[in-house]
Amino acid sequence: MQLTVNGTSHSFEHSPSLAQLLETLSLTGKRVAVERNGEIVPRSRFAETLLADGDQLEIVVAVGGG
Amino acid sequence: MDNLIIAGKPYSSRLLVGTGKYKDFDETRRAVEASGAQIVTVAIRRTNIGQTAGEPSLLDALPPSQYTYLPNTAGCYSADDAIRTLRLARELLDGHDLVKLEVLGDPKTLYPNMVETLKAAEVLVKDGFKVMVYTSDDPIIAKQLEEIGCVAVMPLASLIGSGMGILNPWNLQIIIDNAKVPVIVDAGVGTASDAAIAMELGCDGVLMNTAIAGAQNPVLMASAMKKAVEAGREAFLAGRMPKKLYSASPSSPTTGMIGK
């Protein structure tokens, strides 16, 4: 299955949960916010959110800005 | 206590600072500390996938427990992108709802797109956000943004990152006279005197980033800006003397001169 994460395509053999995806990306425990297909996924639901083929994900952090 | 009150919350500092363009997080932290700012703007961006674990983050340098974060929508060119960005910011910052809305219209000048800004402001206010809004210095638009429910209007003094200073004090004056919410000059300040002029006009605060981060010595400039904002505020409160082309009233006594 294919996921698009921050505009880049990623392949997975099985459908991961959002929490598993974040672990794969070394983002577990980091302060991030996630939008899945245009909808915010609350942090409390990362573990139970199963990702599906073709999902578009945006994972963001706070950075310096004016 | 002469506090700046935004959405019911008092702040003793009237200087708000951005956190971009510094050479590293240590410099960011030292400059923000020297500025005395309590509200700091941050941008929301995609994570750098594959970055080394344990890499320092802005949140480590400026703990959200010590500063009021003001997530912005810098780089957004449509109402939709700005709204999505701030919803992500609210989730990222645990429900924090004080935000800076800016919708740009032109990548060359970074002039704001006020049609899209008005659209986004309507949606965000209805969605429960406390919106501090970057705006052109059009007094009518500024008033409309206030009527929509924005908690502060933030007109440009000149273009973002230009350092050109206060180019249209007359428009700022009209915006200040009409506003019932805080007016904060956002963008265009280049040096300390610009910040003082904005405050002397009666602005409630000044927001800046490049004027500090782009100085040769950002930490020293941050300290200068702190003093300029305080000095300008005190001068405004004190009420300046009227301007006259010349005065027939010298400061020293006209009587008791020797030899007369």
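Guide: Let us begin with secondary structure, where helices (H or I, at least four residues) and strands (E, at least two) are DSSP runs numbered from the N terminus. Chain A has five strands and one helix, in the order β-β-α-β-β-β from the N terminus on. This is a predicted model, in which local features need pLDDT of at least 70 and side-chain atom pairs pLDDT 80 or more, while totals for chains, interfaces and linings use all residues. Residues are numbered from 1 along each chain as written, chains are lettered from A in the order written, and side-chain values use heavy atoms without hydrogens or water.

Visitor: What radius of gyration does chain A have, and why does it agree with a compact globule?

Guide: The radius is taken over C-alpha atoms, and the globule rule is 2.2 Å times the number of residues to the power 0.38. For 66 residues a compact globule would have a radius near 11 Å, so the 12 Å of chain A agrees.

Visitor: What percentage of the residues of chain A count as buried?

Guide: Buried means under 20% relative accessible area (1.4 Å probe, protein chains only). In chain A, 42% of the 66 residues count as buried.

Visitor: How is the size of an interface often given?

Guide: It is often given as the accessible area lost when the parts come together. Here the loss is computed with a 1.4 Å probe and summed over both parts. Chain A and chain B bury about 2400 Å² between them, with 58% on carbon and sulfur atoms. In chain A, A:Arg31, A:Ala62 and A:Gly66 lose the most area to chain B, together 25% of what that side buries.

How values were computed:
Buried means under 20% relative accessible area, exposed over 50%, partly exposed in between (1.4 Å probe, protein chains only). Buried area is the accessible area (1.4 Å probe) that two parts lose on being put together, summed over both.
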